[in-house]
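The following exercises are to be worked with the sequence and the three-dimensional structure at hand. Each task is followed by a solution in steps.

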Amino acid sequence: MRPIPALGRALAVLVASLVSSTPALVYAQGQAPAVQASAGTELSSKIWIDRANEIEEYMKAAEIVKIDDLSVGVTKPKRAELAPGGPVNALAWKQIKPGRYQGYWESYKSEIAAYELDKHLGLNMVPPTVEKRYKGELGAAVMWCSSVKSFKELGGVPNPPPVHLAKWNKQLIRAKMFDNLIYNMDPNLGNWLVDPAWNLILIDHTRSFTSGTKMAHEMTRVDAELWEKMQALTEASLKPVLGGWLRDGEIRDVLKRRDKMAEIVDQLVKKNGEAAVIVR
């Protein structure tokens, strides 16, 4: 299996399409290096798999013993260290009250909604995220992932070794589908992370779930399993998942974007054939 196209030229957005006819990886700055891992050290940073509930409850209750500003991120996140001994050592702390900032609607609640929808779809790309109170203020606490590097740190979309190529290509497709569903208007190279096991991890969703049917990425392929789950979404099924974090109109906008995605997929299938569009 040859590489599929990657995620764009600019560091600001990942909007280049996945073109099936001429597969090739496109990097932000020339050929991006692969994530380095010695033999036998391909450890997954997704420690929440099969223990998400435990980690969520710990993050809600754990004491923050130190908090520092981060030099990255336009939304001014902080790194919060937790008391040692638990399953999580640190959190990304986002205290963004719902409102308009620098021309963008943002909310810490969107971070939690992204995680809950990721969980509902079985995507497992968004780290556990919970609502937490710190010094009287509510915010989103996002599990801090260890041993990861952002695409920006790597100089562009990383190039996996052949053994991980099929898995990596599928993850890129699924991540773009998710960004389109939630309208993540800020999918930059600093917010897509990769670990030594070549897992793709998605962070920073404060600007997601705004209105409209605009796509964050050009669609050329969809993953069959994830697409089936997206097609099954209804307002009734989403309300228990997202109702605590999104307004009714924002939930309906998720479904409108899904319907727009369906129109695009139907057009692509008519033009290129199902086998070229639906990845199984």
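**Exercise 1.** Determine the strand order of the open sheet that contains β9, and state the sense of its pairing.

*Solution.* The structure is a predicted model. Step one: the open sheet consists of 3 strands, arranged as β8-β9-β10. Step two: the pairing in this sheet is antiparallel. Step three: β8 (149-150) and β10 (200-202) are the edge strands, since each of them pairs on one side only.

**Exercise 2.** Describe how β9 and β10 are joined, and identify the helix that lies across them.

*Solution.* Step one: β9, which covers residues 192-194, pairs with β10 through 3 bridges in the antiparallel sense. Step two: tryptophan 192 has leucine 202 of β10 as its bridge partner. Step three: the helix lying across β9 and β10 is α3, residues 162-182. Its direction makes an angle of about 15° with β10.

**Exercise 3.** Characterise the second largest pocket by its volume and its lining.

*Solution.* Step one: the second largest pocket holds about 250 Å³ of space. Step two: 17 residues line this pocket, and Ile47, Asn89, Trp144, Cys145 and Ser146 are the closest to its centre. Step three: by class, the lining comprises 9 nonpolar, 7 polar and 1 charged residues.

How values were computed: Residues are numbered from 1 along each chain as its sequence is written. This is a predicted model: local features need pLDDT of at least 70, side-chain atom pairs count only at pLDDT 80 or more; totals for chains, interfaces and linings use all residues. Side-chain values use heavy atoms; hydrogens and water are left out. Two strands pair if DSSP finds at least two bridges between them. Helices (H or I, at least four residues) and strands (E, at least two) are DSSP runs, numbered from the N terminus. Contact means heavy atoms within 4.5 Å. Axes are lines fitted to C-alpha atoms, for helices over the stretch in contact, and angles run from 0 to 180 degrees between N-to-C directions. On a 1 Å grid over the protein atoms alone, a cavity is a set of points where a 1.4 Å probe fits but cannot get out, and a pocket is an open set with protein on both sides within 12 Å along at least five of seven lines; lining residues have an atom within 4 Å of a point. Grid points are joined across faces, edges and corners, and a volume is the space filled by probe spheres set on the points. Ala, Val, Leu, Ile, Met, Phe, Trp, Tyr, Cys and Pro count as nonpolar, Asp, Glu, Lys and Arg as charged, and the others, Gly among them, as polar.
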